[in-house]
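Thanks for coming, everyone. I would like to take a few minutes to walk through one structure, beginning with the overall fold and then turning to some individual residues.

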Amino acid sequence: MDKKALFAKISQKSSFLCVGLDTDLTKIPEHLLKEKDPIFAFNKQIIDNTIDQAVAYKPNTAFYEALGPKGWESLHKTLEYIPKDVFTIADAKRGDIGNTSGLYAKAFFEMMDFDSVTVAPYMGIDSVKPFLAFEDKWVILLALTSNEGSQDFQMLETKNGKPFFQEVIEKSQKWGTPDNMMYVVGATRGEKIAEVRKLVPDHFFLVPGVGAQGGSLEEVAKFGMNSNCGLLVNSSRGIIYAGKDKDFGKAAKTEAQKLQTEMEILLDKYCK
Ligand SMILES: O=C(O)c1cc(=O)[nH]c(=O)n1[C@@H]1O[C@H](COP(=O)(O)O)[C@@H](O)[C@H]1O
């Protein structure tokens with residue numbers, strides 16, 4: 001899916017919500033455990049109940065990989081079930097020497113037909129470029145993450161007097177374009193989003209950290225939105241585990257609707 005189609009979807013649904021499919025066997029309602037594929041059964045209901053609000057779905061591959069071959073199968077079935085006009089993100093946080101990155105890209109873009117994959121920039125240009133060689137596919141590069149440990153390296157001042165995350169953004173902008181690269185910017189760093197937006201006015205940001213991690217949606221929109229929205233805001237646990245029993249799908253829908261209602265107002269206010 002290209003940038004134009006993504007913005008059209010955002011406008012159509014008045015939403016920039018990404019639903020995170022961080023599906024954990026120990027957290028899903030018990031009655032699903034007797035299903036042949038409990039993870040897929042859960043995801044299917046979450047997708048059915050949130051498809052009117054979601055412009056993107058982001059399975060975090062850790063939750064699937066941890067279950068071995070069965071987990072990969074659940075991931076594949078989930079991806080196949082997501083309607084093709086919705087953006088898909090393999091949250092795999094990959095990146096390695098060039099030939100290996102090329103195979104990671106093949107895994108997520110060819111063996112599975114994800115629109116995008118999250119990539120760590122630490123190993124530099126040759127670890128990221130192979131992902132950018134695929135037409136109509138996106139790299140979502142980790143820039144300023146939502147976790148506490150982001151202080152350890154991302155905020156360090158470099159010899160140029162800039163924080164390391166800024167160097168990552170400035171340099172990596174030359175590797176891709178706003179049509180094939182997005183940046184991860186955590187919602188827990190509201191004021192910093194404005195700084196990142198100045199560096200990359202046209203790129204989309206994937207913004208995790210609202211909901212369970214406590215980031216403010218209003219701040220994210222105020223500091224991060226551009227004339228194409230430029231934001232995909234993810235919530236995983238806050239939506240998918242909103243309900244604990246047979247009605248979990250409905251509870252997820254209610255949470256997604258709450259976010260979408262707020263997003264509609266924010267789009268009117270800041271998408272200019
Ligand atoms: O790349 C990500 O998606 C990501 C980056 C980041 O900085 N922080 C972050 O929480 N994430 C992911 O976003 C999701 C957040 O989940 P919740 O906190 O449950 O909404 C998880 O899948 C994380 O791995």
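What follows is a short tour from the whole chain down to single positions.

Let me say at the outset that this is a predicted model, and that the values I quote are computed from it. The secondary structure of the protein comes to 12 helices and eight strands. The radius of gyration is 18 Å, close to the 19 Å that the globule rule gives for 272 residues, so the protein is as compact as a globular protein of that length. Along the principal axes, the C-alpha atoms fill a box of roughly 55 × 45 × 35 Å. Buried residues account for 47% of the 272, and, if we take the contacts between residues at least 6 apart in sequence, 70% of them join residues at least 24 apart.

How are the strands arranged? The eight of them close into a barrel in the order 1-2-3-4-5-6-7-8, with parallel pairing, and from one strand to the next the twist averages 30 degrees. Helix 8, residues 164-172, lies across strand 5 (138-144) and strand 6 (181-185), and it runs at about 155 degrees to strand 5. Helix 12, residues 248-270, lies across strand 1 (17-21), strand 2 (54-59) and strand 8, and here the angle of about 155 degrees is the one to strand 1.

Now to strand 3, which covers residues 87-94 and contains Thr88. This strand is mostly covered, in that seven of its eight residues are buried. On one side, two bridges join strand 2 to strand 3 in the parallel sense, and Ala56 stands opposite Phe87 of strand 3. Strand 3 is also joined to strand 4, residues 116-119, by three bridges, again parallel, with Val117 in strand 4 as the bridge partner of Ala90.

Is Thr88 itself buried or exposed? Thr88 has 24 other C-beta atoms within 10 Å, and because the threshold for burial is 20 or more, it counts as buried. Leaving aside neighbours within four places in sequence, the residues in contact with Thr88 are Ala56, Tyr57, Leu79, Ile82, Phe114 and Asp115. By way of a pair that is set apart, Thr88 and Ala41 are 47 residues apart in sequence and 18 Å apart in space, taken C-alpha to C-alpha.

Strand 3 also holds Lys93, whose phi is near 45 degrees, a positive value in a residue other than glycine. Lys93 is partly exposed, with 16 other C-beta atoms within 10 Å. Ser14 is another non-glycine residue with a positive phi, about 45 degrees, but its place is in the loop between helix 1 (3-13) and strand 1. Ser14 is partly exposed, with 16 other C-beta atoms within 10 Å.

Strand 5 and strand 6 run parallel and are joined by five bridges, and the bridge partner of Ile140 in strand 6 is Met182. Strand 6 then pairs with strand 7 in the parallel sense over two bridges, with Val184 opposite Leu206.

Strand 7, residues 205-208, goes on to pair with strand 8, residues 231-235, in the parallel sense over four bridges, and one of the bridge pairs joins Pro208 to Asn234.

Pro208 brings us to the ligand. Which residues come nearest to the ligand? Of the 20 residues around it, Asn60, Thr145, Pro208, Ser236 and Arg237 come nearest. Strand 8 and helix 11 (237-240) each supply at least two residues of the shell. By class, that shell has three nonpolar, 14 polar and three charged residues.

That is the end of the tour, and I am glad to go back to any part of it.

Definitions and conventions:
Residues are numbered from 1 along each chain as its sequence is written. This is a predicted model: local features need pLDDT of at least 70, side-chain atom pairs count only at pLDDT 80 or more; totals for chains, interfaces and linings use all residues. Two strands pair if DSSP finds at least two bridges between them. Axes are lines fitted to C-alpha atoms, for helices over the stretch in contact, and angles run from 0 to 180 degrees between N-to-C directions. Two residues are in contact if their C-beta atoms, placed from the backbone, lie within 7 Å. A residue is near a molecule or strand if its C-beta atom, placed from the backbone, lies within 6 Å of it. Ala, Val, Leu, Ile, Met, Phe, Trp, Tyr, Cys and Pro count as nonpolar, Asp, Glu, Lys and Arg as charged, and the others, Gly among them, as polar. The radius of gyration is taken over C-alpha atoms; the globule rule is 2.2 Å times the number of residues to the power 0.38. A residue is buried if 20 or more other C-beta atoms lie within 10 Å of its own, exposed if 12 or fewer, and partly exposed in between; C-beta atoms are placed from the backbone.
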